[in-house]
Amino acid sequence: MAKRTARRKNIDIEEVLIGDLQVKTELLGAALSKFFEVPYEAYRAERLRPSELLRNLKRDFLEQNLWLPIDEGRDGIVILSPDPERVKSARVVNNVFIRARLVYRVTTMREFRQTLDQFFAGGSLTDSTSVGDLLSGLDDADLDYDRAEDTASAAADNELVKLVNKVIVEAYQQGASDIHVEPGPGKEKTLIRFRKDGTLVPYIEVPSSYRNALVARIKIMCDLDISERRRPQDGKIKFRKFGPLDIELRVATIPSSGGVEDVVLRLLGTGEPIPLDKLDVLPDNLKRLTQVIRKPYGLFFVCGPTGSGKTTSLHSILSSLNTPDVKIWTVEDPVEITQKGLRQVQVNRKAGLDFPVIMRSFLRADPDVIMVGEMRDRETAAIGIEASLTGHLVFATLHTNTAPESVIRLLDMGMDAFNFSDALLGILAQRLAKRLCVKCKQPYAASAEEMRLFFEEYCEELPQSAVYRKDPEAAVAAVHEELRRQYANEKGQFTLCRPKGCPECSNTGYRGRIGLHELMVGTDRIKRLILEHAHVFDLFAAALDDGMRTLKMDGMQKTLLGLTDLKQVRAVCIK
C-alpha cells in the first residue's frame, strides 16, 4: 500500500510511511538497520560540525551521493547514509578519505537532510544567491538609524544578515586576509574592500542608509556594544555560529571623521599550521634554521612588519617541536592560530593579564618551550632572556626591519648585553612577496644583459662583508659561480618567469604570497659583537660572512626558481 501511494504521489516511500502512516522515525531506523546490517544513527540537534572532515566537501556533492562524514573516533571515520550499500559499492568515500578506516551508519532520508542542514547552516558555500541579489533586497530609502534600538532592529534584517554572511564567505573563498568596511559620511555609500595577497581591492558598495545597521550587525556577531560609537572596540567572531564556515575573525572598530565607524575584520586560520618544509625557506636556510631551533634552550626571534607572516612562521616552528614529551606555553594578543598540544593564553589587560604577568606565571608552570606573541617592552624582554638562561627555549616576535637591527633594538630597550649575547640563538627576518600564478606564469630564457644587471643588484650588499673587502673580484665570482651551479642549465643559461594573467588569478598574474627570509645565527662572532655594543653595520657584515643571505638576496634566488619576479621582490625589500 505504501509503495502504491508513493508511486501515485511521486514521492519517496519514506515520506508516506512517516507522514501518512505515522510510522515513528525510530521504528523506521531500526528496520533500516536490520535490512542494511549497520547501526542506526538518529538525528541529534547537539551534534558538533566535524570541520576537518568536511574540509573541501560541498553540500551539493554530499547530497547527490547520499553520504556525510559525521565523526572520527577510535574505530575510524563514521559515514552517515540513508543507503550504505550503494555508497559502499560506489567507493566514492574511499577516494575522498584515502587509506582511512570507514564505519557506516544508516539513517532516514529526512534525518539525513536535517543533518546536512545542521552542518551547512546558513546555506551552502555554493549558494547561488549573488551579492548583487542581496544588495537589491536592501531598501535604499532615506533612513538614519541613530537610536541603538532602531539600529539593532535593522541589523536583524534577514537580507542584511545574509549579506554580511555572504561577504565573509566570499572573502574566505577568494583568499582574502582582511575585510575593510569603510562607511562614507553623509549620503555616500559604504565601501567594502578585500585585502588579497597584500593589496586592497574594491568589493561592493552598500547603500548609505544601511551603514549603521551593517556595523551594528558585525558588532552583534562579536558581542560588542552597539551603542558605543565614540571609542575603538575589539572583538572576535566565531563564524561557525552564523554561517557555513568554521573560521574565526578578529574585529576592530574605529570611529572616523564624519561621525561614522570603520570596521576591519581579519580572517584567522583555524587549520593545521604549515609544515616547516612548506614555508618556502631555501634549503641552506632550512638546514641552519632546523639546527638552531633544536637547541635545548636559548632565545630565537622572528622579526618583520605587521602582516609579514611572523606568527605563521612561529607556529610552523612550534609544530615541528610539538611532541607528547614537550610542554609548550604561548602568550599571544590575540590567539590567531590554534594548535592541538599547545597551551595558549590570551592577553587580557582588563583582567590584569599582560605579557609580563603571564610570562612570570609560565616560569612556575614547568615549561620546555615558551612562545611570546611580541616583545614590546623591557620587562617582557628581560623575563624572556631570564627564561632562556634557566633552561627554556623561548621564541618571540619583534617589529623590526632586518635581523641585525633587531639586536640593536633589544639593546636599546635596556637589555643586559652579557645575558642577551649568551641567550641568543638566532633571528629570522621575513617579508611576504606576491607569488606568480602557477597556471599562467611565462618562463623565458634570460638574456646576458639581463643577468648582468641581476648579478649587479644581487651583489649590492656584498661590499659590507670582510670577504669582499679582502678580494672583491673573487667574492663576486664566487657568488656568480654558486648561482650558476644551483639555478642555470647545462649551457649556463638562466630561466626567469613573467606574469601573464588568467581567470584563476583574476588576470593579475599573481596568486598567493611567498616568504622571503633573512636568517642570522647567533655565532660566537655575533655574540662577541653584541658584548662590544657594535654598530649595526658591523653586525650586518659579520652575519654576511657567517652565511646570512639578505631578504633581497633570498627573494632574487626565488625569482631564479620561478616563484616570484624582481618587481615584487623590490617592492618589499626597499633599503
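The structure is a predicted model, and every value given for it is computed. Its cavity count comes to one of 30 Å³ or more, and helix 11, which gives the cavity lining its largest share of residues, also packs against helix 12. Elsewhere in the chain, seven strands form an open sheet, on which helix 15 packs.

**The cavity**

- The largest cavity has a volume of about 70 Å³, and its lining is made up of V164, V167, I168, I179, V181, I192, L214, I218 and L265.
- Sorted by class, this lining has nine nonpolar residues, with no polar and no charged residues.
- Helix 11 (158-173), strand 4 (178-183) and helix 12 (211-221) each supply at least two residues of the lining, and the largest share, three residues, comes from helix 11.

**Helix 11 against helix 12**

- The axes of helix 11 and helix 12 are 10 Å apart, and the two helices pack at an angle of about 70 degrees.
- Because angles of 65 to 115 degrees count as roughly perpendicular, helix 11 is described as roughly perpendicular to helix 12.
- On the helix 11 side, the contact involves L160, V161, V164, N165 and I168, which meet A213, L214, R217, I218 and M221 of helix 12.
- The residues of this contact divide into eight nonpolar, one polar and one charged.

- Strands of a sheet pair through backbone hydrogen bonds, in either a parallel or an antiparallel sense.
- In this open sheet the seven strands follow the order 12-11-13-14-10-15-18, and their pairing is mixed.
- The edges are formed by strand 12 (343-346) and strand 18 (510-521), each of which pairs on one side only.
- Neighbouring strands of the sheet are turned against each other by 20 degrees on average, with direction ignored.
- Strand 11 (residues 328-332) pairs with strand 12 in the parallel sense over four bridges, and T330 has Q344 in strand 12 as its bridge partner.

**Helices on the strands**

- Helix 15 (residues 355-363) packs on the sheet and touches strand 11, strand 12 and strand 13 (369-372), while its direction makes about 170 degrees with that of strand 11.
- Helix 17 (residues 403-412) lies across strand 10 (298-303), strand 14 (393-398), strand 15 (424-436) and strand 18, and it runs at about 60 degrees to strand 18.

Terms used:
Residues numbered from 1 in each chain as written. Predicted model: local features only at pLDDT ≥ 70, side-chain atom pairs only at ≥ 80, totals over all residues. Heavy atoms only, no water. 1 Å grid on protein atoms, 1.4 Å probe; cavity = no way out; pocket = protein on both sides within 12 Å on 5 of 7 lines; lining within 4 Å. Points joined across faces, edges and corners; volume = space filled by probe spheres on them. Nonpolar A, V, L, I, M, F, W, Y, C, P; charged D, E, K, R; others polar. Axes fitted to C-alpha atoms, helices over the stretch in contact; angles between N-to-C directions. Parallel < 35°, antiparallel > 145°, perpendicular 65-115°, else oblique. Contact = heavy atoms within 4.5 Å. Pairing = 2+ DSSP bridges.
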